[in-house]
Amino acid sequence: MAGVTEWTSWFNIDHPGGNGDYERLEAIQFYYRERVCARPVAMEARTTDWVAAAETGEVTHSSLEKGFWCINKEQPYGRICSNYYVRFQCPPAKWTQWGTWGACSVTCGKGRRIRRRTCVRTSVMVQCVGRAAEIQKCGKNQCPRNEDCSRCVCVGHMLQGEVLSMTGVPVMGARIALASRPKIIRTRTDAKGLFRLPGVCSSSPTQLYIRKEKFAPATASTSSNSSGSSWVWAVLKYAEKPYIVKHPEDKVRYEGQRVMLCCKAAGAPMPDKYYWYHNRTLLDRNVFKYEEDLVLRDLKPEQTGHYYCKASSQTGSIKSSQAFLSVIAKGTPACNPTPENHLIRLPMDCVQPGTDSKLYNAGRCPHNKCAGSLDFDLRCRDGGGYCCGVQKMESRVIDCGSYNLPIKAVTECGCLKCVVPKVLVRGRVVTADNDEPLRFGHMYVGKERVGTTGYKGGFTLNITPDTERLVVNFVDPTEKVIDTPKVFIFDKRGGSVYHDVKVMRKQEPIDINAGETNIIDLGEIKGEDPIGQIVIPPNSFHKNNGEVYEGTVKASVTFIDPRNITTAAAAPGDLNFVDDEGDILPLRTYGMFSVDFRDETNQEVLGAGAVQVLLDTQHVKMQEHIPKMKLWSLNPDTGVWEEESDFHYTQTTSGGNGRRKREERTFLIGNMEIRERRLFNLDVPENRRCYVKVRAYMSDKFLATEQLEGVVISLINLEPKPGFSSNPRAWGRFDSVITGPNGACLPAFCDAQVPDAYTAYVTGIMGGEELEAAPSTPKMNPNIIGVSQPYLDKIDYQRSDHNDPALKKTAFRINLAKPNPNNLEETNGPIYPYQSLISCENAEVNANHFRFFRVEKDKYEYNVVPFQENDLTSWTGDYLSWWPNPQEFRACFIKVKIQGQREVMVRSQNHGGTHPETAGQLYGIRDIRSTRDMHVANISAACLEFKCSGMLFDQAAVDRPLISVLPQGNCRRVGINSLLKEYLTKHPPTSPNNESHAFNMLAPVDPLGHNYGIYTVTDQNPRVAKEIAIGRCFDGTSDGFSREMKSDTGVALTFSCPERTVTRESLFQRLQTNPSQTLSQMARDMREAQGLQVRGRGPGRERRL
């Protein structure tokens, strides 16, 4: 079709369950909004197997007005509809007719005039071709000059102007100067933002320079008319501190090469000075000739180190993140060919002869980058990344005594193309009060909308490789919750980090009279006074056009009260600010609030000027905080708090909530202007700072080789009461950090004089699962908690169930006692001074630290090709790799029901099936103990992982692995899911099931669901895929999630595992009744057994997996 745009992306919002598959245009437009036009001109539908709808033989319907649908009951032979994708074509965008030419930009001299046209688009996916504006030269008359020719003079000409803010509010007191002489103030704006300047011509050389406190300076040109006057209209942006939009990146070079490190900052005004530092030392600008970018030539090994830039403007400074430059000396290999030691755990029944070790050294390559081959070396980002990776592997056999176990060990490392895994942030957004999901909420990064939350509040964001700081603003289109910017941590090595996002429900609006003084309380704790108040003078409200609003205002003020610890997770941003040197430093909050003022009649958002904020000093328990208290507002684009104003003292007579009489109270007063939908904060910078060392482990054995990475550790700083005793209801700060290969260091406030001046609650979450903290009862054990005495007593470690066993075990509370440098016992962690961050990050695993662990019941995983699921860059491309694709991970589980009094270990052996390269070879082993069904007696079930079918790493052919399910013990198979049995029969080849104690199958090609007892989930992170699949398996559904085993639904296999009955006397009983006969029989049995062992030795007698 001529003139039609490109196709949209494919959409699939329904599945063929129930009555059929309905891909309604109206629903697609609701979910995807701007991505689909209102009236498409063409549509295409295909199944998920990529078969065109017309070729399926199914009865389908389509309409450009309604969309596409397929009804199950209309299909022949009882079939059900396929699962369909649809896409659309939209009409092309068109230009309107050109408008008329505008007035010439000058009354004398050379100027220009403009005409415009508008692009009429049917969706955001289409664009017009061509320019939206045309410029034409104009103006022929020469301008008269004054005597010194410093500026144009037009006698009798009046230059008039108006200065407004970005929200349309008149700016009073703005200073007007000529751009050529910005320090000479010609006039100022009045209360309506207007000014008059006689004798100044409206030609381009006479641009005006306009500035005002808290605004970025601006220049403005004039437009003229025939009445002898000109008009200037200027809009001032609110001043914005600099922030980094491009950080320098890690680079690797050989000696003698060159490199370019890039830095770019934005702000209002734009930063105009850049400074570069090497290992915290300022580089001489005259020597290195740098501006935004730093170029280093003829590199030497001593130039290895950390580099960062600092950008500055009139409003402040900001430092970039550090980039590491590695300069490899001549003759030195970029990648050490000798592998590092890497011990993997062997199966529980693998006993190596001559040793009691359960570990085997499989080797691994170091995680460092190589220089590689560069097509051009002076780029901000190198074209192709090279990393130290596996060059060679060899197949080995581990002697496990009763059987042999194959393994592939690393024998040589080399520089290869880096594995680039996907980096994701995912999670769920719910309200802080009752966990109601934020349905179809809009997500913004900066001004760009990047996604929408799902029906259950879920979201997933792909992170670009150059992202250093991710700030996402969640906006509720129904406006029931406040706009909430969140600063997310993520793992650059790949995979996804799960975040449980809490948002505050918006306070119900009250009616106030705009012509009166209005006082609104901040904080509603029963029986206690408000933390503060907002005081709005009469006639302070204004509309977007600057007009004063005089009617009834719908006022909603939502306060995040630090006296309520449940609101800590809803704190927006990350409670940091940027100081004058550009360093990001922490704040300690005394409360945050969001305001929403609206016109009663048309719900238009109103602004308010000259608003006062009062803070009751009785709530500031640390008196030294009072003189440092400031009022801050949150920049939703950067997630950084920016200073609004200082506070000053005042006293007032007030009768608070629950007070019997009126009394004098002392307040701190700050001034602010409510100009946009920002959050405000009553905060103080705190200098008493420390870092807390936390590690997460796979189990409560706390083995150094079994640390978990990618765990989100959160710390809530609690506010002290008078006298510095801890107050568990009040919090002052909320921080989250993700664990790496050496744990995590969390920032926290601490005190050197009084151990319990500050306390903290700490939690650990991995993929939505809460980890368990080391126990503190019945006895404080330093070896379990990870902190030695006597420092442990000083810290007063307590798990959340310390005083009440019925509570969760997923958090711990500590005193944040700053370590004494003169006490050797306190210099080895787990609390480090703020200036000792590097010591905290590089601490040995045997140094003091706090611990979390996963509660797993006898779970074991073995891969022939070793892979660390918490580090996706450790993936190796091999036919026997358990995961064939490092960017997409498909987890498969089968649900096995156990009838018996005891829980049973169940194993899956996974061998190559139909692929010629892997047939008969072991991929890996999975062991899991069944979980008791709490509602059914003598029944348990296991969710057992198996190797999924699909393409192998070369993407050449599909393998259907051979899966063997083997319960350990006296078990007999008594049931197979009928749908699964039918599927396997209809999809040959089939695997024989002649043994009643096991079950064999070739892995299904299709992602079967709970009706078959099979659970399949695909995700960019293997751990997340597994967690979701296990949750569905426990629940017995294809879309639910449970941690409580439900053995009566979604089962694939059933085994009966009764306990063995005793049918003869025990050895002890026989020795008592007939000792001589028993001893003679034992001697005969031993001689016969020894003879059998001698005859049984020889080739071919080994059992292999």
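A polar contact is a pair of N or O atoms within 3.5 Å, where within protein one atom must be able to donate a hydrogen and the other to accept it, and where residues adjacent in sequence count only if both atoms are side-chain atoms. The model is predicted, so that local features need pLDDT of at least 70 and side-chain atom pairs count only at pLDDT 80 or more, while totals for chains, interfaces and linings use all residues. Residues are numbered from 1 along each chain as its sequence is written, and side-chain values use heavy atoms, with hydrogens and water left out.

**Exercise 1.** Describe the surroundings of His278.

Solution. Then follow the side chain of His278, which reaches the backbone oxygen of Thr304 at 3.2 Å and that of Gln303 at 3.5 Å. Finally, list the contacts (heavy atoms within 4.5 Å): leaving out residues up to four places away in sequence, His278 touches Leu283, Glu302, Gln303, Thr304, Gly305, His306 and Tyr307.

**Exercise 2.** Locate Leu346 in the largest nonpolar core.

Solution. Such a core is a set of buried Ala, Val, Leu, Ile, Met, Phe, Trp, Tyr and Cys residues joined through side-chain atoms within 4.5 Å. This one has 37 residues, and Leu346 is among those that touch the most other members, as are Ile398, Leu405 and Tyr862. Beyond its neighbours within four places in sequence, Leu346 has contacts that include Ile398, Leu405 and Tyr862.

Conventions
Buried means under 20% relative accessible area, exposed over 50%, partly exposed in between (1.4 Å probe, protein chains only).
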